[in-house]
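Have the model open as you read.

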Amino acid sequence: MICYRCGCTLSEHDFCTNCGADVALYKRIIYISNRFYNDGLERASVRDLTGAITSLRQSLKFDKNNVEARNLLGLVYFETGEVVAALSEWVISKNLRPKKNIADDYISMIQTNQNRLDTINQTIKKYNQALTYCNQDSLDLAVIQLKKVLSLNPKFIRAHQLLALLYINSEEWERAKRELTKCLEIDTNNTATLRYLKEVDEMLLPEEGVKPSKKQKKSEEVVKYQSGNETIIQPVNMKEGRGVTSLLNLGIGLAIGIAIAFFLILPARIQAAKAGIDEQLRKVSEQSDTKTATINELEQQLAELQAQNETLQQDVAAYMGQDGSTLQSVESLMKAAGAYLTDDEDVVTVMDYLEQVEKEKAEEENENSEAFDTLYNTLLALIGPQVAESYDKDGHDAFWAGNYADAIPNLEKAFLYDATNGQALFDLGNSYNRIGEKEKAKEIYRQVIELFPNTEKAEKSKNFLAELEDAEE
Amino acid sequence: MINFEEELKKFHPSLEVEDAEEAIYNQDLTDMADLMVKIVKESKKAGE
């Protein structure tokens with residue numbers, strides 16, 4: 001303790017040993033300030049923050065230089081969410097005692113963390129905004145804003161109280177009580193909190209005066225009468241009656257339940273089941289359609305294959321020989337080759353087979369293999385001249401004998417196998433002429449004139465041709 | 001019964017951080033000791 005006049009440290013005497021000033025009253029003031037500080041400290045230690053604030057402010061009223069009281073006041077303000085008030089106290093404290101002051105640590109704690117400082121500022125601004133909303137009758141917005149405030153600073157007692165007040169106003173008693181309970185957890189003796197809580201409790205709990213009245217009412221619902229020396233107390237509503245009512249209510253409840261199930265739940269279930277069945281039916285139908293399409297396609301392929309098979313069988317049957325294993329033309333060629341190898345002089349037999357081959361080739365209308373054609377041509381080259389000569393001899397013998405009917409086929413073949421045999425062709429024409437086939441004869445004569453010009457046969461053919469044409473005219 | 005309007009009037013806007021400096025300067029720090037000194041001085045003046 002220092003002298004208020006000279007700043008010298010005071011002793012136990014009631015005057016200053018340095019300047020002689022009377023400090024009895026001054027000391028008394030300092031003692032009172034310290035008493036309030038002690039009181040505030042005790043209250044703060046049991047979380048009576050409102051009481052602590054009151055005591056500490058009293059302490060500072062007596063001695064503004066009581067740094068401990070000021071620091072504690074700041075701390076209590078901080079705990080109640082009043083950060084700016086706390087900062088103010090700590091700043092003043094630091095100015096009063098710049099060194100060895102815990103306020104310095106508190107200030108640093110807040111100022112070094114910029115995010116924390118921003119959060120504090122936002123909290124305060126939102127609280128002020130919520131208060132503005134309240135004054136504008138936008139209570140819903142105020143509630144939302146206060147919830148945000150409390151999510152940022154859950155110890156802000158004034159925000160809790162305002163939110164509780166809003167809940168009370170909207171008669172949301174449980175919520176109001178919850179907020180007030182949180183307030184009490186922070187500050188156990190806040191007058192406003194306790195007042196609101198009392199109001200909420202009155203609304204939530206039944207009034208004390210009501211209970212006796214209910215008892216009285218109950219007592220009125222009994223019938224008292226004397227039976228001999230005993231007083232019989234019988235309730236007006238018999239238990240049996242209550243049981244029947246309960247059973248009746250139970251029955252009605254069951255009936256309503258069944259009706260709800262029948263009219264509301266069951267149709268929905270049936271509809272859901274139908275929908276499921278329809279879905280399955282649709283899937284099965286789709287599968288069936290797909291399979292039907294596949295079956296139709298396969299049937300079509302089968303019909304095409306059967307048609308191809310029949311055609312091929314016909315072709316094969318046409319190609320097959322008498323033994324059913326080789327083609328007919330090949331068989332005939334083989335026979336011709338066999339006949340030639342057996343007797344190369346028997347050209348007529350060989351020629352018959354070759355003619356058969358020629359005929360069958362025309363019928364089959366298919367191209368034969370190179371080996372087939374080579375063999376055929378070889379045989380034809382080997383026996384051709386002999387065949388031609390043979391037919392020529394037979395033909396002319398028949399011609400000279402006047403047997404023109406036999407002569408004609410032999411002469412035809414003679415010319416066929418020897419195209420240079422002009423005489424055979426000329427006598428063929430003569431044969432036709434003799435038997436009266438004029439047109440055929442004229443055709444043959446023209447052929448002679450064309451194929452063998454400037455020959456005697458050609459000249460004769462011209463004459464015969466002229467005679468025939470003249471005869472027609 | 002709590003009157004909402006009346007209760008609402010008891011709530012005042014909180015000081016923002018920007019306003020802290022002004023609040024500190026405007027704070028009345030006069031204490032009982034200052035008053036006592038003032039009274040003593042005035043009484044001395046009156047005695048002279």
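This is a predicted model: local features need pLDDT of at least 70, side-chain atom pairs count only at pLDDT 80 or more; totals for chains, interfaces and linings use all residues.

1. Start with H3(A), residues 67–79, and its partner H4(A): their axes come within 7 Å and cross at roughly 160°. Angles over 145 degrees count as roughly antiparallel, so that is what H3(A) is to H4(A). The crossing of H3(A) and H4(A) is left-handed.

2. Who does the touching here? On the H3(A) side, look for residues including Val67(A), Leu73(A), Tyr77(A) and Phe78(A); on the H4(A) side, Val83(A), Trp90(A), Ile92(A) and Leu96(A) are among them. By class, this contact of H3(A) with H4(A) has eleven nonpolar, three polar and two charged residues.

3. Now move along to H6(A), residues 114–135, and H7(A), residues 139–152, which pack at an angle of about 160° with axes 8 Å apart. H6(A) and H7(A) are therefore roughly antiparallel too, and their crossing is left-handed.

4. In this second pair, Tyr127(A), Ala130(A) and Tyr133(A) are among the H6(A) residues that meet H7(A), where the partners include Leu139(A), Leu146(A) and Val149(A). The contact of H6(A) with H7(A) counts ten nonpolar residues, five polar and two charged.

5. Last, the chain A–chain B contact: 31 residues of chain A are in contact with 20 of chain B. H1, H2, H4, H6, H8 and H10 of chain A each supply at least two residues to chain A's side, and H6(A) gives the most, with nine. That side of chain A divides into 21 nonpolar, four polar and six charged residues.

Notes: Residues are numbered from 1 along each chain as its sequence is written. Chains are lettered from A and ligands numbered from 1 in the order in which they are written. Axes are lines fitted to C-alpha atoms, for helices over the stretch in contact, and angles run from 0 to 180 degrees between N-to-C directions. Helices (H or I, at least four residues) and strands (E, at least two) are DSSP runs, numbered from the N terminus. Angles under 35 degrees count as roughly parallel, over 145 as roughly antiparallel, 65 to 115 as roughly perpendicular and the rest as oblique. A crossing is left-handed if the near helix is turned anticlockwise from the far one by less than a right angle, and right-handed if clockwise. Two residues are in contact if their C-beta atoms, placed from the backbone, lie within 7 Å. Ala, Val, Leu, Ile, Met, Phe, Trp, Tyr, Cys and Pro count as nonpolar, Asp, Glu, Lys and Arg as charged, and the others, Gly among them, as polar.
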